[in-house]
Every structure is written in C-alpha cells, then in structure tokens.
Amino acid sequence: MNRQLAHLSDEALVALAARSEQSALAELYDRYGRTAYGLALRVVRDQALAEDAVQEAFLTVWRTAARFVPERGKASTWILTLVHRRAVDTVRREQRRRADSLDLGAEPAVEGLEEDAWLRLQRERVQAALRRLPDAQREALELAYYGGFSQSELAERLGQPLGTIKSRMFTGLSRLREQLGEPGTEISWTSTT
Amino acid sequence: MDLHDLTAAYALDALDPAEASAYERHLSRCEPCREQLAELNGAAAALAFGAVAPAPPERLRASILDTAAAERANVVPLQRRRWVARGLAVAAAAAACVVVGLAVALSRPGHTRVFSLVVRNGHATLHVSGLSAAPRGKTYEAWVIRPGRAPRPAGLFRGGADTHVRLNGTVPRHAVVAVTRERAGGVEAPTSAPIFSTPT
C-alpha cells in the first residue's frame with residue numbers, strides 16, 4: 001500500500017483531495033474507512049447498505065473537499081459526520097428495524113474481529129466515557145446516534161416529553177465532550193500551491 | 001420551537017428533515033450556535049470510534065477510488081485552479097502586510113507544495129511539505145501579522161523534504177501567518193512576496 005502521504009495532517013489531505021490528488025483520498029480512506037464502515041454497519045445493520053453509505057460519504061468528501069472549512073472542525077469529524085448522516089438517511093428510508101424494540105442501539109456481535117491497537121484503545125475510551133454517563137443520558141445518545149432514531153421517535157418510544165429528550169441529549173453530549181477531554185481549541189489551515 | 005435547543009439533536013442527526021432545515025437556516029444567523037455545534041459535532045463524531053469496527057471488504061476501497069477517478073476526469077485543469085487559489089492567497093497577504101513585489105509564480109506542474117498550519121491554544125506549528133530547500137544564502141521566514149500591525153518575525157527554516165516549524169510567540173485570532181524567502185539569517189521585515197499565506 002502506498003503511504004507516501006502518511007506524514008500529512010488530515011486537513012492537508014483534504015486540501016490535496018480538493019486538487020484532485022487521488023492518493024490523498026486513498027490515504028483518508030486508509031485512516032478512517034474502517035471506523036466509517038463500523039459506524040455505518042452499526043446504524044444500518046446490513047453490510048451492503050453500510051458499504052453504500054461509506055462509499056457515498058467518501059465521494060462527497062472528494063466532490064466537496066474544496067468547501068471544507070478547517071476553522072469549523074477537524075477533517076475526521078467532517079468525514080464521520082458525512083458517514084453518519086448517510087447511514088441515518090438510509091435506515092430511515094428503509095424503515096429497517098421499525099417494528100423492533102428499542103434494543104437497537106446495542107452492539108451487534110461481530111465475528112473474527114482483528115482490530116488494531118489504536119482503534120481498540122479509541123473504542124475503549126469512548127465506551128468508558130459513555131458508561132460514566134447517567135443511564136438516561138447514555139440511552140438517549142446511543143439510541144439517537146447508533147440507532148438512528150429522531151428525537152420525536154425517542155420521545156414517543158420512551159414515553160417522555162420531547163423537552164426531556166432534548167435535554168438528555170444535550171447534557172449527555174456535553175458531558176461526553178468533557179470526558180473525552182478535547183485538548184483546547186484547535187484551528188488548522190492548509191494550502192497547496 | 002426554540003431553535004437554540006436543537007444543537008445536540010442536530011449533531012446527533014436526530015432531527016426530522018423539516019426540523020433540520022429550520023435549524024440550518026437558524027445556524028446561518030446564530031454565531032453562538034455555530035460555535036456550540038462545532039464542539040458537539042466533535043463529541044458526536046467521537047461516538048463513531050465507540051462502535052466495533054470490522055474491516056470493510058477490500059472491494060469497497062477500490063470502488064470508491066475508481067468512482068472518484070472517473071468523476072474527476074473532466075474537471076477544470078489543475079493548473080488553472082492553481083492560479084486562482086494562489087492569486088487569492090497573495091491578495092489576502094498583500095492587504096494585510098503590504099509586502100513589496102507581488103510576483104505570482106506558478107509552481108511547477110506535477111510538483112505540489114503543502115502548507116498546513118495548526119494553531120492550538122494560540123501556539124502554532126507550520127507543516128511544510130514539498131517546498132525545495134532554500135538556496136545557499138537564503139532562508140524561509142515565517143511571519144505573524146496582526147491586523148493593522150507590522151509583520152512580526154516568527155521563525156526561520158530551510159525547507160527541504162518535510163519541515164515542522166514551531167512558530168515563535170503566539171498567533172492571536174484574526175492574525176495572518178505568511179512565509180517569505182529571505183536572505184540567510186532572516187530579516188526584521190519581509191522583503192519579498194509571500195509564498196504562502198493564510199486568508200485574512
């Protein structure tokens with residue numbers, strides 16, 4: 001595998017992708033493709049649909065890289081946001097699991113998982129932060145993010161007022177952010193000539 | 001519906017299409033919400049790393065790259081787009097630091113230089129890739145330019161393969177960072193057009 005761009009920041013790779021450097025897109029995929037696929041699979045629960053969601057998200061990166069604004073967030077956040085949005089659109093369109101119960105935020109069993117150490121560490125860190133949240137907040141985050149449920153669906157299914165759901169999501173996500181300890185504000189800017 | 005309340009739900013993609021559109025219109029007018037969304041988006045994306053991630057099938061990578069290559073076959077030639085981006089960067093730098101000699105030189109075809117600036121809590125690191133080493137008797141010099149102020153020297157570097165330069169001092173908000181080529185040892189004020197500049 002050609003990793004000649006391995007030393008570049010994610011943001012630099014997006015800037016290169018905006019200039020039609022295909023190897024930059026490949027490097028972004030090599031960095032985030034696996035996480036993207038895991039996320040999509042968790043949400044849509046179907047391999048073919050998960051592949052479609054990941055493919056569409058990376059092609060959106062390719063098509064719109066020139067409009068990416070680093071001041072508004074990290075490139076990895078942008079990419080994973082695109083993947084998540086695709087996956088949620090898919091699951092809502094397909095009306096998958098609508099008849100099912102609410103256990104859908106739960107982790108599916110995965111066989112033959114060979115994970116690299118860095119990804120495992122990241123996963124354990126996020127899961128530990130989630131476990132430290134009050135149950136109601138963790139449930140709201142998991143059902144919304146991994147289950148693809150909208151806030152109105154959650155209010156209905158959990159039998160709670162919409163305001164309660166909103167507040168659980170906001171407080172839960174804010175706490176998660178503190179737990180994961182973002183290292184201060186980071187602004188980056190990249191140019192290619 | 002109080003739109004300020006919807007930031008977390010939007011970050012989690014938990015809004016219906018109509019709510020999401022209303023929130024996006026609100027976002028274009030509300031700076032506090034944009035800042036909060038940037039923070040919560042980061043936390044939401046971190047949840048992606050919480051999912052078990054089996055390896056995707058090999059064909060997915062090939063499919064994405066093949067489709068990408070096919071799509072980009074008939075776009076504006078790279079050379080032309082270089083002119084545009086470069087012109088803008090130089091104009092932005094000129095407005096901010098009044099440098100002399102605004103020569104716009106094209107980079108050689110097939111030769112890409114990447115400047116990447118990361119500012120963390122006011123401290124900046126410049127990553128430079130593909131910039132040829134400064135010739136004998138010359139150096140590259142970084143500048144931090146605050147609006148309305150003279151450019152402040154922020155460090156010297158030789159270029160060459162890949163360079164990481166930690167800039168001296170801090171880079172306040174709204175400051176511009178630029179790089180010029182100067183005589184060895186550096187100068188107190190830029191004497192040439194910037195080869196790189198962040199936008200104002």
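This is a predicted model: local features need pLDDT of at least 70, side-chain atom pairs count only at pLDDT 80 or more; totals for chains, interfaces and linings use all residues.
Of the 193 residues of chain A, 46% count as buried.

If we take the contacts in chain A between residues at least 6 apart in sequence, 69% of them join residues at least 24 apart.

One helix pair within this chain deserves attention. Helix H6 of chain A, residues 135–145, packs with helix H8 of chain A, residues 162–180, at an angle of about 95°, and their axes are 8 Å apart. An angle from 65 to 115 degrees counts as roughly perpendicular, and H6(A) and H8(A) are therefore roughly perpendicular to each other. Which residues of the two helices meet? On H6(A) they are A:Ala136, A:Gln137, A:Arg138, A:Ala140, A:Leu141 and A:Ala144, and on H8(A) they are A:Ile165, A:Arg168, A:Met169, A:Thr171, A:Gly172 and A:Leu173. By class, this contact of H6(A) with H8(A) has seven nonpolar, three polar and two charged residues.

I turn now to the contact between the chains. Chain A contributes 73 residues and chain B contributes 60 residues. On the side of chain A that touches chain B, helix H2 of chain A, residues 22–44, gives the most, with eleven residues. By class, that side of chain A has 33 nonpolar, 25 polar and 15 charged residues.

A:Ser76, A:Thr77, A:Leu80, A:Thr81 and A:His84 of H4(A) make the contact with B:Asn41, B:Gly42, B:Ala45 and B:Ala48 of H3(B). By class, the contact of H4(A) with H3(B) has three nonpolar, six polar and no charged residues.

Finally, the sheet in chain B. Four strands of chain B form an open sheet in the order E4-E3-E6-E7, with antiparallel pairing. Strand E4 (152–157) and strand E7 (196–197) of chain B stand at the edges, each with a single partner strand, so one side of each has no neighbour in the sheet. Strand E3 of chain B, residues 138–145, pairs with strand E6 of chain B, residues 176–183, over eight bridges in the antiparallel sense. B:Ile145 stands opposite B:Val176 in E6(B).

How values were computed. Residues are numbered from 1 along each chain as its sequence is written. Chains are lettered from A and ligands numbered from 1 in the order in which they are written. Axes are lines fitted to C-alpha atoms, for helices over the stretch in contact, and angles run from 0 to 180 degrees between N-to-C directions. Angles under 35 degrees count as roughly parallel, over 145 as roughly antiparallel, 65 to 115 as roughly perpendicular and the rest as oblique. Two residues are in contact if their C-beta atoms, placed from the backbone, lie within 7 Å. Ala, Val, Leu, Ile, Met, Phe, Trp, Tyr, Cys and Pro count as nonpolar, Asp, Glu, Lys and Arg as charged, and the others, Gly among them, as polar. Two strands pair if DSSP finds at least two bridges between them. A residue is buried if 20 or more other C-beta atoms lie within 10 Å of its own, exposed if 12 or fewer, and partly exposed in between; C-beta atoms are placed from the backbone.
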